[in-house]
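Subject: Handover of the two-chain model

Hello,

I am passing this structure on to you. Please open it first, then read my notes below.

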Amino acid sequence: MIDVASEAELAPRSRSHRLLLAFGAVLLAVLPFGIPEFYTGLVTTGLTAAMLALSLQLLVGCTGLVSLGHAAFYGLGAYTVYAITPADHALSLVLTLPAAAAVAGLAALLVGALSLRTRGFFFLMVTLAFGQMVFFIFHNTKLGGGADGAYLMRPTLSLFDWQLPLTRRQRPLAYYYVSLILLMAMYLGLLLLLRSLFGRVLAGIRVNEQRMLALGFNTYRYKLAAFAIAGLLAGIAGHMYAMKEGFVNPELVGWHRSAEALLMILLGGLATLSGPIIGALAFTAIGEVAQLITERKLLVEGLVILLVVLTLPKGLSGGLSGLAAPRWPPPWLPRRPPPSRPPAETPRHG
Amino acid sequence: MDFPGLLAQLLNGLQYGLLLFLIASGLTLIFGVMGVINLAHGSMFMIGAYVAYLVTARWGSLWLALPAAALGGLLVGAALEAGLFRHFYAREHLDQVLLTFALILLFEELRSFLVGNDFHSVPIPALLDFSVPITPHFAYSAYRFAVIAICLLLAAFLFLWIERTRMGAIIRAAAEKPEMVDVLGIDARRVHLTVFAVGTALALIAGALAAPLYSVYPNMGDGVLIISFVVVVIGGLGSVSGAFWSALILGLVDTLGAAYAPRVAGLAVYVLMAAVLLWRPTGLFGRRA
């Protein structure tokens, strides 16, 4: 029997699921000692992508809002680091990280306030258009180095006058662990958030917004808060990208990035908070493999999306359990839409 | 601000707006009747432009390219509807978004595989390669006049189809209350196939018409897709007349902006969209929610 409460929270549903997650976390923590240096960088990229996908999951999986402009806040986080860092010396992470989060969060508040006046497809198109507006600003003006992007001094791991002593070779390792710690903090923070009343209201909006309105919740405010938090977290992800690469360019903001983040979520599964992390790591791995075997990376990406959309509507995690019990008719055949009113509560047997 | 210059910009804006209408009308129809979002609609514009390039390069005539684009559009649209989209009408928005995103990537790869990644220019047909004198000091490209005329003609046919025919009545009904169309026992599948094919053909024709004006290049569908979304948002969901007026407004705003305030012009359309969302979230011509 599915635990309804944890389904609303997208929390791990069983002890084996929790054990698996703990194992994954430990594996990620010791991973850099078992793999070549190049792969540490690759996994760091995957962790950054995981933060982006996880932040978007707050909208897509938790609240039922499909945004196609999420990369705008990711890019704004990265560009904030570029904008506040002077040309001659690096700033501390203690300064750049909150700044990136604040700028992205504020921008999300503004964009959300406008786009959340619409719903469904309109919301999709409006978020896409606003995202492209941000792309346009960075691409067509000299504000952030123009279409070619710009290099920046990477933020340092320092507090006031004290600086973490790092050799050049240790730096990628440091970026890896900072990303991993931030990702874990983000995951646990979201888990707590979704367990609170706020999270329950978001789940209620996803299932039936009219009912939440009828219960007296100002759903617009809850959605706006979720949109702003998601934007803020995406800003943190963007900051980590800028810190790792030491480079920003308008592609970070483009809507293809937003669509890829959606793919990571669908790849990993909509129904869990850990899904986007798995999806992002898998997506990064697929991209790397595609680059190794063919020059046509986009072809592989397109085919992977097509395959996932056609055969794994529940993502990798859902797909694996689906393999054990094949379904007929197959999920891509047209089905009758589910009844708008869910059936009455049946007594549960624990 | 001199008068001939302004007139030229107004005509340019009109011509751009009408092209936008051809693209956005297909988007809004597909979307209004089937409730499916088609991100690959911009790729259809790109394919139309490449059809124009290939046909003109091979047989030297844009006049051959236009019917080829129209026919090809009908076929591609019908194939996509019957092969893929039909199975996605009842699926989540997220699935539709990703399906059509995948199509964009695949169409771009196909284009790169078949034609390559170079920029190409398409010559204006010799018959129209002259300027029409309007005042003693001002002449305007005959080809752009022809584009305006063709777009207006297609728009008129589209309106007649939707307002005066039985199929059009079903389309309007389906955009308004899809359940009622089902209840009345109308075969919705034939309507869906036709709407999708016609919408796709309009985008290909727009691409073919635009090819001599804006040249042909990779990812040219992307910008067009975004601006068509803005057209649909401002015009209102599923409203073809709304798409017409908002396409004209956006065409003029964008063109005049680029001519007289080039630094901020790219932002003008988004500011307009934000203003419309604040004022009427369902679009200028959409029904009030």
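**Confidence**

This is a predicted model. It scores ipTM 0.83 and pTM 0.86. Chain A has a mean pLDDT of 84, with 86% of its residues at 70 or more. Chain B averages 88, and 98% of the residues there score at least 70.

Helix α10 (residues 219–245) of chain A has the highest mean pLDDT, 96. Helix α14 (residues 315–324) of chain A has the lowest, 50. Two stretches need care. Over residues 319–330 of chain A, pLDDT stays under 50, and the model has 4 contacts there beyond four places in sequence. Residues 341–350 of chain A are also below 50. Where pLDDT is low, the predicted coordinates should not be read in detail.

**Where the chains meet**

The contact takes 37 residues from chain A and 31 residues from chain B. Which elements of chain A give two or more residues to this side? They are α6 (120–140), α11 (255–268) and α13 (297–311) of chain A. The largest share, 13 residues, comes from α6(A). By class, the chain A side has 28 nonpolar, 5 polar and 4 charged residues.

**Helix α13 of chain A**

This helix deserves a look of its own. Its 15 residues should span 21 Å at 1.5 Å a residue, and the end C-alpha atoms of α13(A) are 21 Å apart, which agrees. The buried residues of α13(A) are A:E301, A:G302, A:I305, A:V308 and A:V309. They cover an arc of only 130° around the axis, so they sit on the same side of α13(A). An α-helix has 3.6 residues a turn, so residues three or four places apart point the same way. On the other side of α13(A), A:L307 and A:T311 are exposed.

What covers the buried residues of α13(A)? The cover includes α11 and α12 (275–293) of chain A, together with α4 of chain B.

**Helix α4 of chain A**

Compare the helix at residues 71–84 of chain A, α4(A). Its 14 residues should span 20 Å at 1.5 Å a residue; its end C-alpha atoms are 20 Å apart, which agrees. α4(A) is mostly covered, with 12 of its 14 residues buried. Among them are A:F73, A:Y74, A:Y79 and A:Y82. The buried set also includes A:G75 and A:G77.

**Chain B details**

Two strands pair in chain B. Strand β1 (residues 131–135) of chain B and strand β2 (residues 138–141) of chain B run in the antiparallel sense over 4 bridges. A hairpin of 2 residues joins β1(B) to β2(B). B:S131 stands opposite B:S141 in β2(B).

Where does B:A90 lie? B:A90 is in the loop between α3 (62–83) and α4 (93–114) of chain B. B:A90 counts as partly exposed because 15 other C-beta atoms lie within 10 Å; a buried residue would have 20 or more, an exposed one 12 or fewer. B:A90 and B:A8 are 82 residues apart in sequence. In space they are 47 Å apart, C-alpha to C-alpha.

Best wishes

Note on methods. Residues are numbered from 1 along each chain as its sequence is written. Chains are lettered from A and ligands numbered from 1 in the order in which they are written. This is a predicted model: local features need pLDDT of at least 70, side-chain atom pairs count only at pLDDT 80 or more; totals for chains, interfaces and linings use all residues. Two residues are in contact if their C-beta atoms, placed from the backbone, lie within 7 Å. Ala, Val, Leu, Ile, Met, Phe, Trp, Tyr, Cys and Pro count as nonpolar, Asp, Glu, Lys and Arg as charged, and the others, Gly among them, as polar. The expected span of a helix is 1.5 Å times one less than its number of residues. pLDDT is the predictor's confidence in each residue, from 0 to 100. The arc is that of the directions from the helix axis to the C-beta atoms. Two strands pair if DSSP finds at least two bridges between them.
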